[in-house]
Amino acid sequence: MADVFKVCDQVPNGSTLKIDVDPAEGAYTTQVDFAISNSAPESFPHDQVVPEGVRKVLESPNAYVVSIHIHCLGEVKVTVSTRVVDPQGTEVCAHDFEVECDGAGSHLFVLIVRTRREQGGA
Amino acid sequence: MRSAIALLLVLFAWPGTQLLGADGELSCRPDETLEGCLNRVHSEVSQAEAAGRDLRAEAQETNTAAVSRAITAETADKTASSTGLGGASSQRDSLAAFLAGLGLGEVTEGAEEGALLFHFNPDLFRIGDAHKLSLQALARQPEIYQPLADSVPAALAEDLDDFDDLQVDLFWSLETTRFGRRFLPHRSLLGDFYSELLDVTSRSVPELPAAATALSDFLEDYEGLRGVNLQTATFSDLPPAAAAELESRVIAIALGAARWVQAEDALGASTGFDRLPDLLNNQPQLSISGFYRSRDELAGPDIWGVEGSWEFGWANLNGLRRYARVQRSEEAKPILADLRSFVGTEVSAGTLKTAPRFAVKLKYQETDPYDISLEDGTVTLDLDRATSWFGSLATGGYLRIAEDGTQTGRWDLETEYEDVSDDPNREDRLVATLTMTQKLADGTDGHVSLVWASKPQYLGEVDEELSARVGLKYGIDRKEK
């Protein structure tokens, strides 16, 4: 069984999390849900995930548990690319999730991201 | 660890976890990282649940998935066969490599012996989302034109070159929310259904969102984990209290994720969400195609034609939209309750299982005048321009449904009329074909066709001639591996 959970820890404050799902068109639908420490959850429905992708600036101090839901509706291979890029544009964490479907069915991936707590921070 | 033991007691009451065997270890090992423990615990729980879930998934397999697999397998077969291009000449091989090299398309073997089919990349012809255009060229192995074949020396065939019998086909189909079978025009509707489905799932499995929130709060707030890199640290690297707290949250989210997938699968089936591909596959399809066949003088006259077709199935997304408007209001957009109710009605009526289809086709074809005289004067042939109209009506549907929901047997009836009134050498004809197809255990299709023709000469090749105008055709379509 392919990994369902991935972790990106100690990412710099102000980094951007980029989530892209490929292919843009196919026999599936998707949604990305964010659980954010001490904040209200956020959801990105299919139209906001595909084809433009989700872009989220990660503010410190915070931890994010990102649930990526894929529901296949036929034969399709879906790849979810997750990248964390620091404010200087350097990639600091990268994980890919992949699912190969041969019919209807649900798939869930979870990315856990935590920002680095600056010294003297709250 | 106390929290893990407490959680185990709670989880023991959850029916799903009773499938966990004695080997199931619901705790994190000292040498595991956060990611390692999450994935192992989730994998063990999911595997324990797998038998039940797989059975459901198979039972819920949609018609479209089966069709989609067949089409994909066929495409894969064709793609695979393109690497070995049979008897094609080196000149044609070179062109195939040239096309592929430039990303212009791919080449496969045509249905006729020695023929090559050039599929041009559809991205080259995009003119907006609503119009799907595709272009292909068929290079047949050129042969002496049949009416000349008995009169001219066979050696003349050697004068024909690779591309002396070339046909170009251009296809267009309408892809909107009302026509066509692509997911793209329905993306917004599908996305809305899915958001609703996830809302329902989160009410039925609140453990996952609760565990996600609890984990994010814990990772941020817990003093003992500050400054620790959880990508690389193992549980043995963590202070014991922090490890125990983290472990309980790890197990909660791993179990929540496994249960979520199980619940979403069940809801996908019960709400009709997983039948959306079937509804899409029954959408009306409007397409027009045109062709031009250019031949060397020895190979025959040039021919061109144009064909329009319209096809639809009964239970489709247009019907769902109408259903929502009738049930609620004129502006109503379908919601999950409409989908569940609509699919339930169609399942009861049998239209989703039998998937009845109806198709109308109309084709016009014109053959250029043909005038040939060999230099030695032994052969002359002078034919006028010939035009013909073809019209066909077709209907069909599935007859047999296997226990797992796969449609295995279908019937198709097609009647085709050809009007060649302005061609003194030919007669109008009507041919009707009733075909029964059955999927066999080894993945092949067995078929039997009963053919009736208005004139004996139009019966064509049959395996069994029942009378002058009625015949039987049968066989097994083997898929190339």
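The side chains of Arg259(B) and Glu207(B) meet in a salt bridge, 2.4 Å from N to O. A salt bridge here is a side-chain nitrogen of Lys or Arg within 4 Å of a carboxyl oxygen of Asp or Glu. Arg259(B) lies in helix α8 of chain B and Glu207(B) in helix α7 of chain B, so the pair ties together parts 52 residues apart in sequence. Helices (H or I, at least four residues) and strands (E, at least two) are DSSP runs, numbered from the N terminus. Arg259(B) is partly exposed at 25% relative accessibility. Glu207(B) is also partly exposed, at 33%. Buried means under 20% relative accessible area, exposed over 50%, and partly exposed in between (1.4 Å probe, protein chains only).

This is a predicted model: local features need pLDDT of at least 70, side-chain atom pairs count only at pLDDT 80 or more, and totals for chains, interfaces and linings use all residues. Residues are numbered from 1 along each chain as its sequence is written, chains are lettered from A and ligands numbered from 1 in the order in which they are written, and side-chain values use heavy atoms, with hydrogens and water left out.

Over all chains, the structure holds 28 salt bridges. Side chains of opposite charge can pair when their charged atoms come close. Arg181(B) and Glu311(B) form one such bridge, at 3.7 Å from N to O. Arg181(B) sits in the loop between β4 and α6 of chain B, and Glu311(B) in strand β6 of chain B, 130 residues apart. Arg181(B) is buried, at 19% relative accessibility. Glu311(B) is partly exposed, at 23%.

Chain A has a network of salt bridges linking Arg83(A), Glu91(A) and Asp96(A). Within it, the closest N and O atoms of Glu91(A) and Arg83(A) are 3.7 Å apart. Glu91(A) is partly exposed at 48%, and Arg83(A) is partly exposed at 22%.

## Helix α7 of chain B

Helix α7(B) covers residues 207-221. Its 15 residues reach 20 Å from first C-alpha to last, close to the expected 21 Å. That expected span is 1.5 Å times one less than the number of residues. The buried residues of the helix include Leu208(B), Leu215(B), Phe218(B) and Glu220(B). What do the buried residues of α7(B) pack against? They pack against β3, β6 and β7 of chain A, together with α8 of chain B. Contact means heavy atoms within 4.5 Å.

## Where the chains meet

The contact takes 47 residues from chain A and 50 residues from chain B. The two chains bury about 4100 Å² between them, 58% of it on carbon and sulfur atoms. Buried area is the accessible area (1.4 Å probe) that two parts lose on being put together, summed over both.

Three salt bridges join chain A and chain B. One of them pairs Arg117(A) with Glu220(B), the closest N and O atoms being 2.2 Å apart. On chain A, β1, β3, α1, β6 and β7 each supply at least two residues of the side that touches chain B. The largest share, 11 residues, comes from β7(A).

## A buried threonine

Thr234(B) is in the loop between α7 and α8 of chain B. Thr234(B) is buried, with a relative accessible area of 16%. Its side chain reaches the backbone oxygen of Pro30(B) at 3.4 Å. Leaving aside neighbours within four places in sequence, Thr234(B) is in contact with Pro30(B), Asp31(B), Glu32(B) and Thr33(B).

Technical notes: Polar contact = N/O pair within 3.5 Å; in protein donor to acceptor, adjacent residues only side chain to side chain.
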